[in-house]
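Hi,

Here is the model I promised to pass on.

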Amino acid sequence: MTEKPTFYITTPIYYPSDKLHIGHAYTTVAADAMTRYKRQRGFDAYFLTGTDEHGLKIQQRAAEAGQEPLAFVDGIVDGIQKLWQLLDIDYSDFIRTTEKRHEQVVQRLFKQIYDQGDIYKSEYSGWYCTPCETFFTEHQLAEGHVCPDCGRPVQMAQEESYFFKMSKYADRWLEFIEANPDFIQPESRRNEMINFVKQGLEDLCVSRTTFDWGIKVPFDEKHVVYVWFDALVNYISALGVGSEDESKYQKYWPADVHLMAKDIIRFHAIIWPIILMAAGLPLPKKVVAHGWLLMQDGKMSKSKGNVVDPVVLAEKYGVDAIRFFLLREMAYGMDANYSEEALVNCINIDLANDYGNLLSRTTAMIEKFLGGVVAPGSEGTDFDAELLELAAQTPEAMAKYMDKVDVANAIGEVWKLVAKANKYIDDTAPWTLNKNGEVEKLKTVMYNLAEVLRQVTILISPVMPNVAAKVWQQLGLSAEAAGQDWTALGWGGFPAGTKICRGEALFPRIDWEAAQAAAAAENETTEPEAETAEALVEPVKPEISIEDFERIDLRVCQVIACEKVKKADKLLQLTVKVGAEERTVVSGIAKFYQPDELVGKQLVLVANLKPAKLRGIESRGMILAAGDGENLRVLQVPAEIGPGNVVR
């Protein structure tokens, strides 16, 4: 049997904070998705994470809590592991820097580099940021004489220390980066690191004597190893390097990807490779730095008090939705903006409107038109080829981005297929095929939609691990019949004759305005009087006759394009299809809908309203909606009733 290719990915080992926020979760969720993806591709994928438990700040916090450092971190680490379990993080190993297996490797490596003359004893005098556990020279400090990373005050440190001859390896590091241009990603971080080294690389202080919570220097026990030298070694200590059993190290090292946030790229892209150079060990293949998750007031951080608890979000919106949002919104190498409203919009647009609605429409029509049975027909439509071509291209397009850890664009490629399938429904109009008795074409269309859903679900399952089981249940498939890896992505894998089992909405749409109103109501100390609420409802208008009502022509219309009207905050310009006719309608609903939310929807149109010009655009008709002044929703019609039909 041919041995599987290997893939080794790591996240930084996390400082044991009382509560990791949603920004920390991004790195681990992304690494987990990469691991699951590689396993789908047939790789023996290994994923390492853990906790970095040494250093001055841990010792200080433990003392404040009246505990020994190890006892202090034990409870916190348990909470971190439970969070990863909640977020469906399937790591291969979880390493703690307080473990003996790690300590032994750190001491052995430190002594080896010392014995060859690359570590020497001297006196350290300079600036130290305790929260970041980082040394800085005078010129590296930010304006105001604060830490350039976290912005907090630094302290002058003066003590006997050991130093690592980083400067000795500067030229060798630059040569390596030139020969391996993809080693640091994205390119902007690579350029930043090159400039940092070219400005002059100073020797690194690698031991402390002013506290003792750390790994002892093996030949001088009044010193503890500097926490960043200690922590970085976890990537090989977890694999058993130098132990009696080095099989994991021999199998998985060098790592394929070290994944982290951009604020610690310098440690991973400069210090860690030079430690490995000095030790004569292979360097990792790639270091990838992602951006920060930003709130309105900047980077999410505990010190700013703007952290968002992933446990609360997961309980409120579901784990799959949280994972999808994080990976969909974080563009490669860029920062991403977080707000709960943005999260809800992502759930509503991408998951409820696009993916969930595709499943709902498909299963509803198979059930209604074909007795719930999926089987290919003997006759096709003019729209089949485009859909099948995109389906064939999507796995490769997705893989191109996943292999460079650009998960957001990888998801984007899959969602192109989701969008195409939704459009395919509109183009083929299965309800019309059914009405006209074109059964073989109808079977083909329904089979193609079911097959796209099968393929999309396989592709997206590394991002949303729980979604596949829910989709398979509605499509009447077992996991084995549906296929779980990329070998199942050939077209036509949906078993003919399968009986579907339509269920609840995959991702129910969230009414953000209603949720906000409910939250506000919970904070109210008094209930409004009943008559006050009643008074807010508009009174019923005078009676009309049936003849008056029959003069109004209400039609189902389908939105085929939508955009905001320039310089008009309240107006959207919709292009709608009414039967075979297309017309433009301007509607004052921009406050309540984004244009993309409406495309593909079927609404109710007052079709015989006299045309009017709004902001220079001729509007032919009016979209019906219900509202109370604060909230407004358009009236929607199910897909089974095609555009142009009369609303009675």
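Below are my notes on helix packing, a cavity and a few backbone details.

First, the ground rules: this is a predicted model, with local features needing pLDDT of at least 70 and side-chain atom pairs counting only at pLDDT 80 or more, while totals for chains, interfaces and linings use all residues. Residues are numbered from 1 along each chain as its sequence is written, and side-chain values use heavy atoms, with hydrogens and water left out.

**Helix packing**

Elements are DSSP runs numbered from the N terminus: helices are H or I with at least four residues, strands are E with at least two. Axes are lines fitted to C-alpha atoms, for helices over the stretch in contact, and angles run from 0 to 180 degrees between N-to-C directions. Under 35 degrees counts as roughly parallel, over 145 as roughly antiparallel, 65 to 115 as roughly perpendicular, and the rest as oblique. Contact means heavy atoms within 4.5 Å. For residue classes, Ala, Val, Leu, Ile, Met, Phe, Trp, Tyr, Cys and Pro are nonpolar, Asp, Glu, Lys and Arg are charged, and the others, Gly among them, are polar.

Start with α5 and α6, which pack at about 155 degrees with axes 10 Å apart, so they are roughly antiparallel to each other. Their crossing is left-handed (the near helix is turned anticlockwise from the far one by less than a right angle; clockwise would be right-handed). From α5 the contact takes Ala170, Trp173, Leu174, Ile177 and Glu178, and from α6 Arg190, Met193, Ile194, Val197 and Lys198. By class, that is 7 nonpolar, no polar and 3 charged residues.

Then bring in α10 (residues 265–279). Its axis and that of α6 (residues 187–198) come within 11 Å and cross at roughly 55 degrees, so this pair is oblique. The crossing of α6 and α10 is right-handed. Here Met193, Phe196 and Val197 of α6 meet Ile265, Arg266, Ala269 and Ile270 of α10, a set of 6 nonpolar, no polar and 1 charged.

Helix α5 (residues 170–179) also packs on α10, at about 105 degrees with axes 10 Å apart, so those two are roughly perpendicular. Arg172, Trp173 and Phe176 of α5 touch Ala269, Ile270, Pro273, Ile274 and Met277 of α10; the classes are 7 nonpolar, no polar and 1 charged.

**The cavity**

At least two lining residues come from each of α1 (22–40), β13 (287–290) and α15 (407–428), and β13 gives the largest share, 3 residues. The lining is 11 nonpolar, 2 polar and 1 charged.

**Backbone details**

Two cis peptide bonds to check:

- Gln185 to Pro186, omega about -5 degrees; Pro186 is in the loop between β7 (184–185) and α6.
- Trp253 to Pro254, omega about 5 degrees; Pro254 is in the loop between α9 (247–252) and β12 (257–261).

Lastly, Asp88 has a positive phi near 60 degrees despite not being glycine, and sits in the loop between α3 (69–86) and β3 (93–96).

Cheers
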